[in-house]
Amino acid sequence: KAFEAGGNIQPRKSILLLLAKSDRREWTSTDIIAAWDADFGKRDAYQFLFVALGASIDSAHGSVLSRKGTPRRYIYQFQDPYLRPYLRITQLPSAEE
């Protein structure tokens with residue numbers, strides 16, 4: 001439920017994979033934007049990221065992320081600490097490929 005069913009961009013999937021390969025355990029929206037820029041290049045607007053982050057904490061999309069803090073100062077982390085290594089193993093390309 002956490003990943004989009006199809007499409008070329010798939011922001012929820014891209015965000016989760018960016019966070020999975022990060023060496024951090026918590027991220028602010030600024031951290032996520034910086035990671036997006038590093039992998040995919042700068043954008044003029046990032047509303048799509050905030051929509052995807054909101055969906056990732058929603059139970060309709062698996063509640064894979066949790067959020068704490070106040071608006072504009074949210075801190076995101078994986079709801080289940082085992083999800084990050086699971087995504088690394090199953091979704092990220094290995095060094096051998």
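A pocket here is an open set of points on a 1 Å grid over the protein atoms alone, where a 1.4 Å probe fits, with protein on both sides within 12 Å along at least five of seven lines; lining residues have an atom within 4 Å of a point. The model is predicted, so local features need pLDDT of at least 70 and side-chain atom pairs pLDDT 80 or more, while totals for chains, interfaces and linings use all residues. Residues are numbered from 1 along each chain, and side-chain values use heavy atoms, without hydrogens and water.

**Exercise 1.** Find which residues line the largest pocket.

*Solution.* Start with the list: S29, F50, R72, R73, Y74 and Y76. Next, sort by class (Ala, Val, Leu, Ile, Met, Phe, Trp, Tyr, Cys and Pro nonpolar; Asp, Glu, Lys and Arg charged; the others, Gly among them, polar). That lining has three nonpolar, one polar and two charged residues.

**Exercise 2.** Work out how helix α1 (residues 11-21) and helix α4 (residues 83-90) cross.

*Solution.* Take the axes, lines fitted to C-alpha atoms over the stretch in contact: they come within 9 Å and cross at roughly 100°. So α1 is roughly perpendicular to α4 (65 to 115 degrees). Now look for contacts (heavy atoms within 4.5 Å): L16, L19, A20 and K21 in α1 meet R84, L87 and R88 in α4. Those residues divide into four nonpolar, no polar and three charged.

**Exercise 3.** Decide whether S14 is buried or exposed.

*Solution.* First place S14: helix α1 holds it. Its relative accessible area is 12%, so S14 is buried (under 20%). Leaving out residues up to four places away in sequence, S14 touches I9, W36 and F40.

Note on methods: Axes are lines fitted to C-alpha atoms, for helices over the stretch in contact, and angles run from 0 to 180 degrees between N-to-C directions. Helices (H or I, at least four residues) and strands (E, at least two) are DSSP runs, numbered from the N terminus. Angles under 35 degrees count as roughly parallel, over 145 as roughly antiparallel, 65 to 115 as roughly perpendicular and the rest as oblique. Buried means under 20% relative accessible area, exposed over 50%, partly exposed in between (1.4 Å probe, protein chains only).
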